[in-house]
Structure formats: structure tokens, C-alpha cells
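Subject: Structure handover

Hello,

Please find the structure below, followed by notes on what was found in it. Have it open while you read.

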Amino acid sequence: MSLDTSITPDEQVNSADAAPAQAAQDPEAAQHAESSASSASSESPEPTANAETPAPAEESKPKRGRPKGSSSARKTRTVELTLTVTGTADGEWQAELKHGSKWVARGLDIPASAVSRAARELHEELSAPIDEVINAAREQQAAKVAELEAQLEQAKQALAELEN
């Protein structure tokens, strides 16, 4: 076994790292790299300390190929749209749409039936609570209509009495 003195201790450590890759291509070169690495490690304990700090010349050279962390898979681009639908107890609904931090639409009046249909289309968990709110508003409006009809009947009777 011979020691190649033209290789610095740093290069000997680096060649020891490259030995497995060379073994697949050239078995004789792999044996030589292994023997020089083992003799270098037995002669001097300092090469491992030098191998931890890369040489400035290596840093300035750009490495070929793709960086290790890069993925060839496509990244999914997400779009942030915020749709806010608000309703009142009277059954009035409004919608606002925001794209990122920019308002696209604000204060759009929407019929309750459209809100109910949209919620059913999106998901059952959304439609049930929205339909409850819409049904409560419908009952409240029906009670209001009944009260107004009763007041209208009273007003008609009072008018009829005044005409007689």
C-alpha cells in the first residue's frame, strides 16, 4: 500500500467520502481510495478538523445540477378569497368579497333563498344552521304580517264606523 503525498489531508478525507461512489464505477480506484483514507486517518488525527471548515475556493464555485432541497413537483398556488355573508333577524342578507387584503365587493343585498341554495351546494354542515336562521326570520316575518293584518282590520272597522 502506498500513500499519495500529492494529496493534502483535506483531499484525503474528501476522497474517503467519494470512495463509495467510485466503487461502483472502478473497483481498483475504490481500493486505492479506501487504503489512502485508512492510512491518512491512522497517520494524522487533524484531517477531520480541517474537513469541517470548507475551503474558500469551494464556496466561490457554483455547484452543478439542482440544489438538494429543491423539489421537481409543482407547488400549488393558493388564492385567498374571503366571502362574508351576514344576515339579520329580519331576513335581510348581505355579502362582501375580499381578495387578499383588497375588497372586491361590499354590501351586496342577497335574497335569503339564494343564501340557502348556496349553503346547500357548499356543504350540509353549512346549510343546516343557515336554514335555521332563515326559518326563524321567516316565522318572525309571518308573525309581523299577522300583527299588521290585525291592525289593518281594526283600521278598516274604525273607518266603516265613521262612514255610517
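His99 touches Val79, Glu80, Leu81 and Val104, leaving out residues up to four places away in sequence; a contact here means heavy atoms within 4.5 Å. This is a predicted model, in which local features need pLDDT of at least 70 and side-chain atom pairs count only at pLDDT 80 or more, while totals for chains, interfaces and linings use all residues. Residues are numbered from 1 along each chain as its sequence is written, and side-chain values use heavy atoms, with hydrogens and water left out.

Between His99 and Glu80, which lie 19 residues apart along the chain, the C-alpha atoms are separated by 6.0 Å. His99 counts as partly exposed because its relative accessibility is 42% (buried is under 20% relative accessible area, exposed over 50%, partly exposed in between, with a 1.4 Å probe and protein chains only).

His99 belongs to strand β2, residues 93-99. Helices (H or I, at least four residues) and strands (E, at least two) are DSSP runs, numbered from the N terminus. Two strands pair if DSSP finds at least two bridges between them.

Strand β1 (residues 81-87) runs antiparallel to β2, and seven bridges join them. In this pairing Leu83 stands opposite Leu97. The two strands form a hairpin with five residues between them, and Gly91 in the turn has a positive phi of about 95°. On to the next strand: β3 (residues 102-110) pairs with β2 in the antiparallel sense over six bridges, with Gln94 opposite Asp109. Two residues lie between the strands of the β2 and β3 hairpin, where Gly100 takes a positive phi near 70°.

Next, the pockets. The largest pocket has a volume of about 190 Å³. A pocket is an open set of points on a 1 Å grid over the protein atoms alone, where a 1.4 Å probe fits, with protein on both sides within 12 Å along at least five of seven lines; lining residues have an atom within 4 Å of a point. Grid points are joined across faces, edges and corners, and the volume is the space filled by probe spheres set on the points.

The lining of the largest pocket includes Leu83, Val85, Ala95 and Ile110. Elements giving two or more residues to this lining are β1, α5 (112-122) and α6 (124-163). With five residues, α5 gives the most. The lining divides into eleven nonpolar residues, no polar and no charged (Ala, Val, Leu, Ile, Met, Phe, Trp, Tyr, Cys and Pro count as nonpolar, Asp, Glu, Lys and Arg as charged, and the others, Gly among them, as polar).

Which residues of α5 are buried? They are Val115, Ser116 and Ala119. These residues are on the same side of α5 because they cover an arc of only 100° around the axis, the arc being that of the directions from the helix axis to the C-beta atoms. They pack against β1, β2, β3 and α6.

As for the whole protein, its secondary structure comes to six helices and three strands. Of its 164 residues, 12% count as buried.

Regards
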